Amino acid sequence: MVQPVQLGPKPLTREDVQAVARDGVPVEIPEATRELVTAAREHVERLATAETPTYGISTGFGALAVRHIPPDRRTALQRSLIRSHAAGAGPEVEREVVRALQLLRLRTLSSGHTGVRPTTVDAMAAMLNAGITPVVHEYGSLGCSGDLAPLAASALALMGEGRVRDADGLLVDAGVALRKAGIEPVVLAEKEGLALINGTDGMLGMLVLATSDLRALLDLADLTAAMSVEALLGTDRVFAADLHALRPHPGQGASAARMAALLEGSEIMASHRGPDCTRVQDAYSLRCSPQVHGAARDTVAYAETVADRELASVIDNPVVLADGRVESNGNFHGAPVAYVLDFLAIPVADVASIAERRTDRMLDVNRSHGLPPFLADDPGVDSGHMIAQYTQAAIVSELKRLAVPASVDSIPSSAMQEDHVSMGWSAARKLRKAVDGLTTVLAVELLTAARALDLRAPLKPAPATAAAVAKLRETVQGPGPDRHLAPEIAAAEALIRSGALR
């Protein structure tokens, strides 16, 4: 039986986020958490009745924070805040991203530092567990004062307004979905509207999901690189542990060890290992694969460190402190997350770039050491994988554009109150596109290297690389006359995403 993810002041793990966002694991609000939430709410209610205005409780927001709001207009204030801020545009954001956003905002609301009511926390948890996913649009967050428009879309659904996807993925009115799930729409009280939208949850959720995907893709890149080295009659001596100990980057050592293990026992490698081999050095795209893949691994590890810190954070403005003070702050600024989202796009582009170079070598008769031109069955009549490499090249070019940082481009907003923003949401959105692009580039290398290894018969590849070829051959045929390649690329992508090659 799947255990629910417990919410409260304790940090979530990256695994928790993936479980809820991707696998539909439920969440649970323990009684101890509900007590913390209640205590914080009591502080807010005392301030709501005080004569001195408190930001977010008895005042307007942003550039309108100087206006004191009378008690009889505060429910309208919270409702108006959500309606006006749910101003996103563009395509729908993916379900897993929205679920991650919902979970992370709920975790902050459960921390006892935001001042929302326990009933609001319970309703949000019920909505997540019912599989009700608000429609969130691509554009609307500047990554400062929180992912405002995306989180407002989520809050709007909690109020029973706007559109959602139900558990079956059908587009329905939020009020209808809540009613079917037995969830009472929330009428927001003081502070609650602000608490629901003042977080970096969207960009953080995408960071967590991206680091998980990149861990798997970098393992896959080691495999496709090893297959390419093998197919191109390269040497595995450069992957020796004592060489990499001279430059002790953890990721580099890990990738080199993986490639060495993947090539162990290869008849193809053994066929040119003796004194008759006149090749002194392989091209950089073969020899330096561990250095490139390893640097990418270390970048992912740093990004995970930032993600873990954020998962232990409470992002809201103002916050309720342990002594009852309610203080404004700038913790909603997305810079820490935005920087690493941008940073990750660089190694994604570079890992794809070096993979494309390895693929190109296998197709060039002048550099492939005996393989047919473009790995074609009948060169001249057949084009083989010529245009598959074009697809790689087009994607790599796009990945270079996606590696341009978003976080250096601040656009002031809210009448210059919010005069420096992080653009972290934009950094996250382009990183998701980049991860998809890397998947396709590696799929083409996988197809090409597998065909090249087949063409080295009767020599046999290493057991590990042979197993990868065999798994691919369950859905993609071996060498032969030209076929429609697009479905084969899609099949290789699906195989990669399935995790079957790990």
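Which helices each supply at least two residues of the lining of the second largest cavity? I found helix H4 (95-109), helix H9 (201-231) and helix H14 (289-311). Helices here are DSSP runs (H or I, at least four residues), numbered from the N terminus.

Before going on, I noted that this is a predicted model, where local features need pLDDT of at least 70, side-chain atom pairs count only at pLDDT 80 or more, and totals for chains, interfaces and linings use all residues. Residues are numbered from 1 along each chain as its sequence is written, and side-chain values use heavy atoms, leaving out hydrogens and water.

**Entry 1: the cavity.** On a 1 Å grid over the protein atoms alone, a cavity is a set of points where a 1.4 Å probe fits but cannot get out, and lining residues have an atom within 4 Å of a point. I looked up the second largest one, with a volume (the space filled by probe spheres set on the points, which are joined across faces, edges and corners) of about 70 Å³. H4 gives the most to its lining, three residues; the lining as a whole includes Leu104, Asp201 and Glu310. This cavity lies between domain 1 (5-198) and domain 2 (207-274 + 281-317 + 329-457), because both give residues to its lining. The domain bounds come from an automatic or database assignment.

**Entry 2: the pocket.** A pocket is an open set with protein on both sides within 12 Å along at least five of seven lines. The second largest pocket holds about 650 Å³ of space. Of its 32 lining residues, the closest to the centre are Asp213, Ala216, Leu217, Ile496 and Arg497. H9 brings the largest share, ten residues.
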